[in-house]
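The following note sets out points for discussion on the structure shown below. Each point takes up one topic.

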Amino acid sequence: MATTPHSVLPNFSKAIGLNAIKNWKTKMKRKNLQDRISLLRMNIARLYWRIPKFFPGSETYWNQRYVDGGTSGKGSYDRFAVFKAEVVNGFVAIHDVKSVIEFGCGDGGQLMLANYPKYIGFDVSEAAIALCQEKFGSDITKSFHLRKEYRGATADLALSLDIIYHLVEDDVFENHMAILFSSADRYVIVYSSNMDKNPWFGSAHVKHRKFTDWVAEKRANWKLIEYCDGIPGFSANFYIYEKNS
Ligand SMILES: C[S@@+](CC[C@H](N)C(=O)[O-])C[C@H]1O[C@@H](n2cnc3c(N)ncnc32)[C@H](O)[C@@H]1O
């Protein structure tokens, strides 16, 4: 029996349809497998880093994270960044803050929403500083430097946003706190968790600390003038200190 185009077409398109479904299924299987492999690699890395001798240290961790194309994290984008910017920008405007210094400026994601008259940002990661210089290169009110290049600059307000619970080494924490307070002429704003509880299964690059105890003990001339709850369900909140005159 002779085949007409009409009798061929349904089988042909059926075959094409089946092939497309088959290809799509293979693609999805491959993608699922790739997703599972990258999840597994991430979990292995986390477990590996839980063993103290394998965690590369906070500085190397952050630099590598940016070199690998990572960001400052979800706290520096979207609703978290908007919330943080509202609090800090509001404070800067109300208290007539003329200059801001920040330790741990990150990749500049958060800073895109900032409204400061003058700003100096420091970070331990060379890659983060390069990203900020690229983003804000034409903005003469801002400058960025490596943390190790800090030589005693001060500003009306010093910021530590989403940093303290990432300072896993005790000496690094001590150093950050000391420099944060000595670089501030009038105010310090900290956005962080403030507790000593650290679950054993937590991320290797996180260590919560009750930093308010450090301030009370070592910076008695600073007064907590404001506290502001963070985003519900997350452990970071705002703590604002003023220097006693
Ligand atoms: C979670 S990100 C927060 C970035 C920014 N402050 C924000 O709120 O979006 C933490 C940043 O702190 C930096 N960092 C880690 N240890 C630091 C230290 N000892 N001194 C300065 N920056 C540090 C990391 O490189 C990273 O860029």
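Against which elements do the buried residues of α5 pack? Point 3 takes this up after the basis of the model and its overall make-up.

1. Basis of the model. The model is predicted, so that local features need pLDDT of at least 70 and side-chain atom pairs count only at pLDDT 80 or more, while totals for chains, interfaces and linings use all residues. Numbering starts from 1 along each chain as its sequence is written.

2. Overall make-up. The protein chain holds six helices and seven strands, where helices (H or I, at least four residues) and strands (E, at least two) are DSSP runs numbered from the N terminus. Their order from the N terminus is α-α-α-β-β-α-β-β-α-β-α-β-β. Of the 245 residues, 29% count as buried; a residue is buried if 20 or more other C-beta atoms, placed from the backbone, lie within 10 Å of its own, exposed if 12 or fewer, and partly exposed in between. Among contacts (C-beta atoms, placed from the backbone, within 7 Å) between residues at least 6 apart in sequence, 64% join residues at least 24 apart.

3. Helix α5. The buried residues of α5 pack against β1, β4, β5 and α6 (211-218). Within α5, the buried positions are Phe-173, His-176, Met-177 and Leu-180. They lie on the same side of α5 because they cover an arc of only 95° around the axis, the arc being that of the directions from the helix axis to the C-beta atoms. Asp-171 and Ser-182, on the other side of α5, are exposed. The 13 residues of α5 should span 18 Å at 1.5 Å a residue, and the end C-alpha atoms are 18 Å apart, which agrees; the expected span is 1.5 Å times one less than the number of residues.

4. Helix α3. The buried residues of α3 are Phe-80, Ala-81, Lys-84, Val-88 and Val-92. These cover an arc of only 90° around the axis and are therefore on the same side of α3. The other side of α3 has exposed residues, including Asp-78, Arg-79, Glu-86 and Ile-94. The buried residues of α3 pack against β1 (100-103), β4 (155-161) and β5 (184-192). Following α3 comes Asp-96, with a positive phi near 55°.

5. Nonpolar core. The largest nonpolar core has 45 residues, and those with the most contacts inside it are Val-100, Leu-157, Ala-158, Tyr-187, Val-188 and Ile-189. Such a core is a set of buried Ala, Val, Leu, Ile, Met, Phe, Trp, Tyr and Cys residues joined through C-beta atoms within 7 Å. The most is given to this core by β5, with six residues. Leaving aside neighbours within four places in sequence, Ile-189 is in contact with Val-88, Phe-91, Leu-157, Leu-159, Phe-238 and Ile-240.

6. Ligand shell. The ligand is surrounded by 25 residues, the closest being Trp-62, Ser-76, Gly-104, Gly-106 and Gln-110; a residue is near a molecule if its C-beta atom, placed from the backbone, lies within 6 Å of it. Two or more residues of this shell come from each of α2 (58-67), β2 (119-123) and α5 (170-182).

7. Gly-57. The loop between α1 (5-50) and α2 contains Gly-57. This residue is partly exposed, because 13 other C-beta atoms lie within 10 Å. Gly-57 and Glu-169 are 112 residues apart in sequence, yet 7.7 Å apart in space, C-alpha to C-alpha.

Conventions: Contact = placed C-beta atoms within 7 Å.
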